Amino acid sequence: MLLEVRNLSVAFGSVMRPVQAVSGVDLEIAAGEIVGIAGESGSGKTTLCAALIRALPKAARVSGEIRFDGRSMHALSPRELRELRGREIAMILQNPMTSLDPLFTIGNQLGEVLATRCDVPARHLRDREVELLRSVHMTAPEERLRQYPHELSGGMRQRVLIAMASATAPKLLLADEPTTALDATIQEEILVLFREIRDRRGTAIAIVTHDLGVIRRICDRIVIMYAGRIVEEGSVASVFAAPRHPYTRALLASIPVLDGDRVHVQSIAGQVPNLADLGDFCPFADRCPIAVDQCRAQAPPEAAFGDRQRVFCWRAEGIS
Amino acid sequence: MSDSHIVGATPSSTIPWLERWFPSSASAGGQPPLPIVTCVCCALLVVAAIFGTWLAPYPKEAVSLGDSLLPPAWQAGGTMRHLLGTDQLGRDMLSRLIAGARISLATAAAATLVSGMFGVLVGLVAGYVGGILESVAMRVVDAFLALPFILLALALVATLGTGFGNIIMVMVIANWARYARLVRSEVLTVKQRDFVTLARIAGVRPLTIMLRHVLPNVLNSVVVLAILDVGRAIILESSLSFLGVGIQPPDVSWGLMLADGRTFMGFAWWLTTLPGLMIVFAVLSFNSLGRWLHVRFDPRGQL
């Protein structure tokens, strides 16, 4: 397993009344796998991502274990961590408009990555830069190298960022809402790019998104988070075909459906619970249409189904 | 960049031809035109400061008691040999004003440069590192901004003695805190931007991030503040020299000439008026240039 997370919890704020951003998450990502982490705002997706690369603010209290490629992330020295982040784990952020330094050309910024992270000698730098931009299907790569970020469109910038992130052939690529800021047509092209990188280099990719359509299109596996916990995970095929957790069902139902000339959207009643007041019971119980007394009294157990599907729900057996 | 500045129409109260020569900070729409007069004035001052020794008709200390207190050439009793007249020792006013430009500008430039560098260093480190270091540094900045400048200058010169180095030090003490405060606030915004986050995640060293990504992104405002500060520094130096704790004879400075000429103010107006006009001219020129840079390069107006 490339990445193994065991019982990871992240808390912020006071010790007496902590805000439990992530609680008890177990997660595995295999080499070359594309995993989608889904959930609504505040469900802990981004915090989980930051915890994976130890990039949380100092105030965060983290417990649990993260092993990357057989090494424990918490045992790494700052120097080893820097090497790991620079070469083996790469990250892409949501907004391609602000992810590039406005004062340097694209070539300059790509060159910096290549020279410092991939030890490319100066005389080969330009060739490698062009090659990198070609690999992300950038039109007129030679010209792009001379341009500044503001001269590029959002989709082109995201391509540049993907090129930078894949330059070191990382083992794991974390993409935090990589397509949210882009048009639907550009989204599709960027998603294809992710799959190509995986196929070409065997890079495992974790895509954090609230867009289930993105996950359905390119992911192998889906992880659904709610209030800092994993509520359901499994292969994309099995979860989309047979969602077991009522939250997953509600999320899938909330994708707008075009019926003739009318659009149906099913919303989920209620709100995400306050992460400071989570009891030791199912966090979705208050919004769940099929909750029973037990759901408000005890934390749900893990229930396993075929094809490595895991569900945390007292009533999982009853739904299909 | 060029298409993002259309904020609103130019306010109707501004006068186009005046705006072109002396731009105000109020012109909101579009990019302000290059202020030609301002640029020419600043260039003239700089040329006088650098090549003054060759341009001036006489050496600044050439005494000629027979020609003392000659009025400017256009006034009765004036002579073409001394276009702007002479002082009580018969020294040529034009030559001394040109020599004064060198001292005033050199002092202002040196003081601005040193206080800028020191302030940027403090602000950059405080803003980027944060925590206790930032709190302490910013309280020190507050303390320095609260110091009454003239009193401090008098006290320092009284203990350290006069001299070019000491004057510059006094001016740096008076000015560096403003840079530190500006840079720190700018760093706080740049630090939050995604390319800095990405660099940090990619394992780039903090020092590299500070120098390569944060510093270049805050320099814009620093340059604008520095140019605006040159005018301020000229006034500071003149005040110090006027009070007798700045430039000392035989060096010439406009503030010093002003002080020397006071005795003869009743019947030799040129001894005080001309250096005073030079101070006004220099400060106006640099302030105007700074204003233009401000509107052009820092349109959000954070200064």
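Trainee: Why does Leu121(B) count as partly exposed?

Mentor: A residue is buried with 20 or more other C-beta atoms within 10 Å of its own, exposed with 12 or fewer, and partly exposed in between; C-beta atoms are placed from the backbone. Leu121(B) has 15 C-beta neighbours inside 10 Å, so Leu121(B) counts as partly exposed. This is a predicted model: local features need pLDDT of at least 70, side-chain atom pairs count only at pLDDT 80 or more, and totals for chains, interfaces and linings use all residues. Residues are numbered from 1 along each chain as its sequence is written, while chains are lettered from A and ligands numbered from 1 in the order in which they are written.

Trainee: Which helix holds Leu121(B)?

Mentor: Helix α3 of chain B, residues 93-129. Helices are DSSP runs of H or I with at least four residues, strands runs of E with at least two, numbered from the N terminus.

Trainee: What makes residues of chain B and chain A count as in contact?

Mentor: Their C-beta atoms, placed from the backbone, must lie within 7 Å. Twelve residues of chain B are in contact with 15 of chain A. On the side of chain B that touches chain A, α7 (194-201) and α8 (206-242) each supply at least two residues. α7(B) gives the most, five.

Trainee: What makes β2 and β5 of chain A edge strands?

Mentor: Strands pair if DSSP finds at least two bridges between them. The open sheet runs β2-β1-β4-β5 in chain A, with antiparallel pairing. β2 (19-29) and β5 (71-72) each pair on one side only.

Trainee: How many bridges join β4(A) to β5(A)?

Mentor: Two. That meets the cut-off of at least two.

Definitions and conventions. Two residues are in contact if their C-beta atoms, placed from the backbone, lie within 7 Å.
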